[in-house]
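Please open the structure in a viewer and keep the selection tool at hand.

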Amino acid sequence: MAETQRQPVPRNDGGELDTAVAFLTFVRQSVIKKTDGLSDEQLRRALVPSGTSLLGLVQHLTVTERYWFGHYLVGSFKDTAWDLSMAIPAGRTTRQIMDDYVAAIAESDKAIEAVGDPSALAVGSFDGESRTLRWVLAHMTGETARHAGHADILREQIDGTTGR
């Protein structure tokens with residue numbers, strides 16, 4: 001089967017931060033691409049026993065962006081209750097969820113830029129220790145890539161579209 005959503009991997013190699021952000025951006029764009037051209041019903045359709053849908057993946061990634069880059073890395077969203085599930089909040093439209101993901105990415109990119117140094121420590125602690133921006137970038141790239149893979153499978157099940 002031909003890949004119909006193929007995009008090349010980043011060629012950035014201008015430094016640690018440049019390369020890390022390029023790969024994070026790539027996997028974020030891969031997730032968004034999986035939603036292109038689908039109806040609301042298709043985006044909300046759960047095709048696996050866990051109930052995961054493409055829109056649920058986007059909802060989850062929106063919250064993880066805000067948690068790891070906003071809350072953990074730079075200390076924003078102090079009083080937020082973090083629902084990391086893939087449940088779509090009642091009353092939220094597809095457009096609201098997609099726009100919110102794009103906004104969360106922009107917020108995260110600003111946090112990354114503000115910190116700037118991959119070896120800088122986050123303001124939050126994880127397992128009792130502060131991790132670096134480098135660690136947060138690696139973690140979120142892995143998290144997003146894993147879910148981009150799930151999105152690949154879901155999209156192929158919906159309409160046969162493949163690629164990254």
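**Confidence**

Begin by colouring the protein by pLDDT, bearing in mind that this is a predicted model. The mean pLDDT of the protein is 92, and 93% of its residues reach 70 or more. Next, select helix α1, residues 16-35, which has the lowest mean pLDDT among the elements, at 95. Helix α4, residues 94-115, has the highest, at 98.

**The largest pocket**

Which residues are the closest to the centre of the largest pocket? The pocket itself has a volume of about 190 Å³. Select Gln59, Val63, Arg66, Asp83 and Asp100: of the 14 residues in the lining, these are the closest to the centre. Then display helix α3, residues 54-74, which gives the most to the lining, with four residues. Colouring the lining by class will show six nonpolar, four polar and four charged residues.

Keep Gln59 selected; its place is in helix α3. Is Gln59 buried or exposed? Its relative accessibility is 10%, and because the limit for buried is under 20%, Gln59 counts as buried. Leaving aside residues up to four places away in sequence, Gln59 touches Ala87, Pro89 and Ile97.

**The largest nonpolar core**

Now select Val31, Leu54, Val58 and Tyr101, which touch the most other members of the largest nonpolar core, a group of 16 residues. The elements that give two or more residues to this core are α3, α4 and α5 (133-159). Helix α3 supplies the largest share, five residues. For a view of one member, centre on Val31: with residues up to four places away in sequence left out, Val31 touches Val58, Leu61, Tyr101, Thr144 and Ala148.

Apart from this core lies another, of 15 residues; to find it, select Phe26, Val27, Tyr72 and Leu133, which are among its members. In soluble globular proteins, nonpolar side chains tend to be buried together.

**Val102, the last stop**

Finally, select Val102, whose place is in helix α4. With a relative accessible area of 48%, Val102 is partly exposed.

Technical notes. Residues numbered from 1 in each chain as written. Predicted model: local features only at pLDDT ≥ 70, side-chain atom pairs only at ≥ 80, totals over all residues. Heavy atoms only, no water. pLDDT = per-residue confidence, 0-100. 1 Å grid on protein atoms, 1.4 Å probe; cavity = no way out; pocket = protein on both sides within 12 Å on 5 of 7 lines; lining within 4 Å. Points joined across faces, edges and corners; volume = space filled by probe spheres on them. Nonpolar A, V, L, I, M, F, W, Y, C, P; charged D, E, K, R; others polar. Core = buried A, V, L, I, M, F, W, Y, C linked by side-chain atoms within 4.5 Å. Buried < 20%, exposed > 50% of the residue type's maximum accessible area, 1.4 Å probe, protein only. Contact = heavy atoms within 4.5 Å.
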